[in-house]
Amino acid sequence: MPTASKATSRSGDPREMLETACDLYETGERHRSMQLFKRAAIAGVIEAQVNLANVYDAGDGVRRNFETARYWYKRAISQGSPEAAYNLAVSYLNRDNFRWARHWLLVAEQLGDEDARELLEGLV
């Protein structure tokens, strides 16, 4: 899941919030990490948006919530994240929604995700 290097940052810098959130997440401090992921995501940090979406999609330390996950995936996609498009596609695949999975795989491919083409070929 998330990776980073600083565990004690009190800075208001969104990138530092992301790094601290990742460290806290890895040590099991889910509540605090989610607060920082959300603050960084709101500030527009793509990686925080994707991490937040992944956590809500998986229900890891929070109640699983696809609508919230989808919201954050789309925020990251709107900033050009191929990873978010790919992850959203996989989430739709896991729900047997092949129409939307295909759509988001095409978006991921257009954004440069190399794995999207392979997965698209498997849907045919």
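This is a predicted model: local features need pLDDT of at least 70, side-chain atom pairs count only at pLDDT 80 or more; totals for chains, interfaces and linings use all residues.
1. **α1 against α2.** Helix α1 covers residues 14-26, and helix α2 covers residues 30-42. Their axes lie 8 Å apart, and the packing angle is about 155 degrees. Angles over 145 degrees count as roughly antiparallel, so α1 is roughly antiparallel to α2. The crossing of α1 past α2 is left-handed. On the α1 side, the contact uses P14, M17, L18, T20, A21, C22, L24 and Y25. On the α2 side, it uses R30, R32, S33, L36, F37, R39 and A40. By class, the residues of this contact are ten nonpolar, two polar and three charged.

2. **α2 against α3.** Helix α3 spans residues 46-58. The axes of α2 and α3 come within 8 Å and cross at roughly 135 degrees. α2 passes α3 with left-handed geometry. From α2, the contact takes M34, F37, K38, A40 and A41. From α3, it takes A48, Q49, N51, L52, V55 and Y56. The residues here are eight nonpolar, two polar and one charged.

3. **α1 against α3.** What is the angle between α1 and α3? It is about 30 degrees, with the axes 10 Å apart. Angles under 35 degrees count as roughly parallel, so α1 is roughly parallel to α3. This crossing, too, is left-handed. R15, L18, C22 and Y25 of α1 meet E47, A48, N51 and V55 of α3. Five of the contact residues are nonpolar, one is polar and two are charged.

4. **Q49.** This residue sits in helix α3. Its relative accessibility is 0%, so Q49 counts as buried. Beyond its neighbours within four places in sequence, Q49 contacts A41, G44, W72, R75, A76 and Q79. Helix α4 covers residues 66-78. Check the side-chain surroundings of Q49 against this list when viewing the model.

5. Helix α5 covers 82-94.

6. **L120.** Helix α7, residues 114-123, holds L120. With 1% relative accessibility, L120 counts as buried. Leaving out neighbours within four places, its contacts are R102, L105, L106 and E109. Helix α6 covers 98-110. L120 and E26 are 94 residues apart in sequence, and their C-alpha atoms are 32 Å apart in space.

7. **D96.** Look at the backbone here. D96 has a positive phi of about 60 degrees, although it is not a glycine. Most residues other than glycine have a negative phi. Where is D96? It lies in the loop between α5 and α6. Its relative accessibility is 57%, so D96 counts as exposed.

8. **G61.** This glycine is in the loop between α3 and α4. Its relative accessible area is 56%, so G61 is exposed. G61 and E29 are 32 residues apart along the chain, and their C-alpha atoms are separated by 9.0 Å.

Definitions and conventions. Residues are numbered from 1 along each chain as its sequence is written. Side-chain values use heavy atoms; hydrogens and water are left out. Helices (H or I, at least four residues) and strands (E, at least two) are DSSP runs, numbered from the N terminus. Buried means under 20% relative accessible area, exposed over 50%, partly exposed in between (1.4 Å probe, protein chains only). Contact means heavy atoms within 4.5 Å. Axes are lines fitted to C-alpha atoms, for helices over the stretch in contact, and angles run from 0 to 180 degrees between N-to-C directions. A crossing is left-handed if the near helix is turned anticlockwise from the far one by less than a right angle, and right-handed if clockwise. Ala, Val, Leu, Ile, Met, Phe, Trp, Tyr, Cys and Pro count as nonpolar, Asp, Glu, Lys and Arg as charged, and the others, Gly among them, as polar. Angles under 35 degrees count as roughly parallel, over 145 as roughly antiparallel, 65 to 115 as roughly perpendicular and the rest as oblique.
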